[in-house]
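Grab a pencil and work through these exercises with the model open beside you. Try each task before you read its solution.

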Amino acid sequence: MQVLSCKHTALLLLCSLLLLSYRPSPPALDQQLKQLREKNDLTGWIYLQIQWVAKAPVSRSSCLQQAVKEAWRVPATAEEIQAWQDLLVNEGYALLMSGDIVRSTDSYTTAFQWAKQHADLADEHMLLENILKPLGNNYTRLGDYEQALFIHHKALAVAKTLNDPAALAGTYSNLANTASNMDRASESLDYCRQGLAVAKETSPLRGLLLSEQADALIQLDQPAAARESIQKSIQVLESAATPEAGYWLLTAYQQAGDIFTQEPSKALAFYQKALSLEKKLYKEYGPLHQRQKAKLFQRIGSLYARTHQPKLAAYWLDQCLSVLIPGKTLDSIKTADLYAENTLTDLLFTAAGLAGEQDQTSKALRLYKLCFTAENALRQELISGSSRERSVSDSRQRYETAIRTAWDAWEKTRQPAYQQAILDLMEGSKARLLLDEVLQQQQLARTTGITDSLGERIRLLEKAIIYYKKEALQQAGGTDSLHQAIAVREKQVEWDLSQLRKKMKTPAASTIPIKPNTYPRQLIRSFFAGPTALYIVERDQKGIRFADRLIMQEGWQDSIRAFTHRWFEKGAGNMINRPGEYYRQAYSIYRQLFGAHPLQTAREYILLPDGALNLLPVDALVTVPACPPSPADWLFVIRQASISYAWSIRTLQEQMLSPGNDQGFAGFFLSGARQQPSLNNVAAEQKGIAAVIPGGSWYNDGEATASTLRQALQTSAVVHISSHAFSGKEAEQVPHIELYDQPFYLFELKDLRQHPSLVVLSACRTGDGRMVTGEGIQSLARAFTAEGAGAVVAGWWNVNDAAASRLMQDFYKEWTRDEKQKDIASALRKSKLNWLYDPQVSYQHKLPYYWAALNYAGNPEPLKNPIIQNNPHYMWWMIAVLAAIGLLFIVLRLRR
């Protein structure tokens with residue numbers, strides 16, 4: 001059978017020609033479909049429905065979705081296979097026209113998979129134009145740029161085999177657009193130049209490439225060149241007379257408005273040209289993509305909002321909403337109405353700001369909440385980790401705007417609802433990806449019955465990704481073509497995995513995320529770090545104790561980072577040589593962060609840091625200005641209060657609810673492995689801990705292998721690791737723990753079904769790592785938390801070998817002194833205080849560089865039951881009880 005078309009527009013025009021004299025109404029259509037079904041004519045049945053939808057794709061898009069479900073058998077002949085391919089392609093296009101990007105993407109994905117299954121029948125030109133290009137563009141619209149690049153590179157390979165300059169130019173344009181959205185301006189510019197080299201001088205594709213070039217030039221801070229490029233683009237497209245040129249000109253007008261945003265009158269003139277063109281295109285070719293129409297209205301509304309014309313802004317924002325969610329207004333829209341769409345989030349954010357400027361604070365906060373809910377829905381549709389990270393980072397400024405709105409209302413009215421709104425918004429901005437991973441892990445652990453096969457398939461694909469990642473690392477010296485082949489296989493598996501995860505929806509977080517089961521002595525203090533303000537909220541079991549905003553100088557976070565880098569990350573030398581200078585800076589930071597609300601004596605604080613505060617060791621700050629000569633006498637924060645950390649209240653609550661392993665202790669101790677420097681005190685550390693925990697399982701040097709660690713993580717309640725570890729903070733590093741036979745890479749944690757309740761990483765920089773704005777430090781500690789660990793002890797900088805050994809031994813001693821063995825976070829604090837109070841520890845080693853590196857994050861009491869029944873405290877107690885029973889027995893015998 002002949003392929004119907006190479007472009008969607010041509011396909012729809014052909015379908016329209018088939019309807020010249022007769023356009024079936026729904027009843028007549030139903031009768032025809034019934035007759036075709038009775039004749040077992042699947043091909044005719046499919047094309048009849050494609051033709052009917054082609055006349056009004058926006059309003060009839062659901063019909064093709066229904067057709068996919070109602071087909072009575074699987075296509076068998078070549079003609080039926082091709083018809084089914086056309087059905088899936090047209091379903092994707094109709095959904096795109098209606099503005100449903102997510103379902104459109106799913107349809108194109110299914111079409112792509114169908115084409116791969118029937119590669120012998122697939123037409124490469126149709127694959128390129130009708131599937132790969134729109135699929136890649138959909139991922140760009142969703143913001144999943146890594147996946148879009150993956151698809152566009154597949155399209156580029158097909159275009160090169162076709163030897164078609166127009167196909168090549170179009171694909172380079174798509175690549176340029178995606179790279180530009182990823183802030184890779186130079187790469188985008190390069191794609192534009194490659195496309196311009198093959199595009200004809202008068203081709204509309206040349207105008208499209210010039211508009212993409214203008215975007216790249218704006219990012220490269222070349223506004224004059226950008227304006228010249230977009231004006232050339234408009235000239236080329238205005239002189240063309242094709243439907244495609246009209247649609248691309250509509251986009252170019254809008255881009256020009258964005259480029260001239262500093263000149264509102266010129267920007268508005270371009271937007272008005274786009275409005276006029278939209279009406280013309282509608283008359284000539286029918287409805288536009290609903291999303292594109294809505295985006296134009298949103299741009300105009302945003303421009304009027306920026307120029308303080310609220311009535312006009314509100315009008316155009318209402319127009320935008322009427323396209324995206326017909327029948328709804330900004331006052332009536334609810335959470336259930338939302339879906340994953342960038343234009344919708346932009347609309348809600350702009351409308352919220354407009355309401356705030358008009359002193360409609362409650363409405364503004366409601367719209368901000370809806371905006372972030374839509375953003376979360378959009379993030380769930382993204383495939384690659386980098387796209388999800390970018391999504392979280394991009395929303396950061398929006399969260400700060402919303403928090404400032406709530407703060408202004410709280411400061412003005414002192415209504416508790418606004419105080420609560422501040423905390424809710426702060427929570428929404430923290431560790432969202434980590435929470436998603438924790439919930440996914442919990443869901444997989446619970447898969448049974450009907451979803452078990454889906455869960456098993458997800459685990460299988462995760463194993464495949466682990467295999468490809470390890471293969472890529474092992475082939476470090478291989479050829480570029482080998483690396484590329486491995487990367488392509490890994491991307492394909494990630495693709496398949498993402499489709500399965502969409503079927504297994506991530507569950508919602510706990511219904512009351514801001515009320516974790518803390519104890520009376522515990523306080524949670526949360527931070528949100530902005531460029532010139534630090535927001536702080538503290539709560540206990542009863543609710544919020546206070547909210548505050550500290551006005552900070554521009555660059556204050558850089559000062560905090562410089563402090564941690566100089567005094568901790570660079571080694572002990574600076575602190576040894578200039579202890580007085582360290583003390584002054586440490587006190588200054590304490591006053592800045594805690595002066596208005598000092599930490600209370602004998603209370604346990606769970607801190608939720610943010611921004612530059614993520615690696616600030618609060619334990620090591622000092623609380624009084626006078627500096628005693630000896631660090632043994634310095635009034636460190638640790639003397640005043642117990643400090644532990646968490647990523648967010650929501651993740652903390654999930655950790656408190658997480659059912660980790662409840663039996664067994666496993667310790668891994670490597671004094672030296674795989675050409676790494678020797679750790680001379682590891683043997684003493686193991687010996688000291690074994691004396692406290694005689695029932696543990698111990699793996700020393702040659703016994704500490706990757707397979708034994710994998711097994712221990714699935715069977716032990718506590719896993720202790722003393723070895724070299726690498727966080728992946730440096731670009732060339734992959735996060736891993738060094739073991740005797742091979743590294744244990746952190747991505748291998750995905751392969752584990754069970755998890756320990758507590759992981760102790762007595763190793764260097766296991767709490768350090770790559771920083772992701774709005775998400776926090778991507779550390780080894782975070783990786784264990786993501787896979788279900790209730791709590792993690794980790795080192796934030798290069799831990800001193802001797803100090804870590806001694807601190808760990810004291811940690812376990814203090815922990816097991818408690819009969820219930822629950823208060824583990826406090827045990828770490830006591831071990832540090834023992835170090836400071838010990839007269840045998842030298843002056844130098846009482847400097848915080850040596851004792852403050854190891855920190856506790858997560859559930860303060862991760863173990864529900866004691867795992868050590870034969871600790872010395874327990875043994876002596878049992879001996880005393882038995883002795884008392886024996887003495888009583890003797891007394892009774894003597895009386896008789």
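**Exercise 1.** Check whether the length of helix α10 (residues 185-198) fits its 14 residues.

*Solution.* Start with the rule: the expected span is 1.5 Å times one less than the number of residues. For α10 that should give 20 Å, and the end C-alpha atoms are 21 Å apart, so the two agree. Helices here are DSSP runs (H or I, at least four residues), numbered from the N terminus.

A quick note on the model: it's predicted, so local features need pLDDT of at least 70 and side-chain atom pairs count only at pLDDT 80 or more, while totals for chains, interfaces and linings use all residues. Residues are numbered from 1 along each chain as its sequence is written, and side-chain values use heavy atoms, leaving out hydrogens and water.

**Exercise 2.** Work out which residues of α10 are buried and what they pack against.

*Solution.* First, the buried ones (under 20% relative accessible area, 1.4 Å probe, protein chains only; exposed is over 50%, partly exposed in between) include Ala-185, Ser-188, Leu-189 and Tyr-191. Next, the buried residues of α10 pack against α8 (145-162), α9 (165-181) and α11 (204-219). Finally, look at the face turned away from the buried side: it carries exposed Ser-186, Arg-193 and Ala-197.

**Exercise 3.** Find Gln-380 and say which side chain it makes a polar contact with.

*Solution.* Gln-380 sits in helix α18 (residues 361-380). Gln-380 is partly exposed, with a relative accessible area of 33%. Now for its partner: the side chain of Gln-380 makes a polar contact with that of Asp-436, at 3.3 Å. Such a contact is a pair of N or O atoms within 3.5 Å; within protein, one must be able to donate a hydrogen and the other to accept it, and residues adjacent in sequence count only if both atoms are side-chain atoms.

Conventions:
Helix = DSSP H or I, 4+ residues; strand = E, 2+ residues; numbered from the N terminus. Contact = heavy atoms within 4.5 Å.
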